[in-house]
Amino acid sequence: VQLQASGGGLVQAGGSLRLSCAASVPTFSRYDVGWFRQAPGKQREFVAVVSWSGGSTYYADSVKGRFTISRDNAKTTVYLQMNALKPEDAAVYYCAAGWTLSTLSRGYDYWGQGTQVTVSS
């Protein structure tokens, strides 16, 4: 499964961005999909995950209430709507597909290439 993350960019604090994670195969709909992020000098951290059906979602406390993860299996795409962005949200964001609703990187088998999010204060 090849994943393509896109939608990153430069936004002012308080602004919004929507990231997309597009998959190359229809079987993508069988996978749980997570978003992670990594800022310079920091470890990769969990952001959000959505179950294969879209029926279950989990968020890191740091983004709860501001970010929304969703998916459109017909389009083999998962989205991360990010609102009320803060400078500390700046990072490279990665999407990943796996078989468990994991908050850990090792719970995922396939990774996208990452998309840069920059938030100016």
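**Aromatic pairs and the chain around them**

Searching the whole structure turns up 6 aromatic pairs, where rings of Phe, Tyr and Trp (its six-membered ring) are paired if their centres lie within 6.5 Å, and planes under 30 degrees apart count as stacked, over 60 as edge-to-face and the rest as tilted. Please keep in mind that this is a predicted model, in which local features need pLDDT of at least 70 and side-chain atom pairs count only at pLDDT 80 or more, while totals for chains, interfaces and linings use all residues. Residues are numbered from 1 along each chain as its sequence is written, and side-chain values use heavy atoms, with hydrogens and water left out.

Let me begin with tyrosine 31 and tryptophan 99, a tilted aromatic pair with 4.4 Å from centre to centre and 40° between the planes. Tyrosine 31 sits in the loop between β3 (17–23) and β4 (32–38), and tryptophan 99 in the loop between β9 (91–98) and β10 (108–111), so this pair ties together parts that are 68 residues apart in sequence. Are these two residues buried or exposed? Tyrosine 31 has 8% relative accessibility and therefore counts as buried, whereas tryptophan 99, at 52%, counts as exposed; here buried means under 20% relative accessible area, exposed over 50%, and partly exposed in between, with a 1.4 Å probe and protein chains only.

Now to the chain as a whole, which has 11 strands and 0 helices, where helices (H or I, at least four residues) and strands (E, at least two) are DSSP runs, numbered from the N terminus. Of its 121 residues, 45% are buried. If we take contacts, meaning heavy atoms within 4.5 Å, between residues at least 6 apart in sequence, 56% of them join residues at least 24 apart. Finally, the C-alpha atoms fill a box of roughly 40 × 25 × 25 Å, taken along the principal axes.
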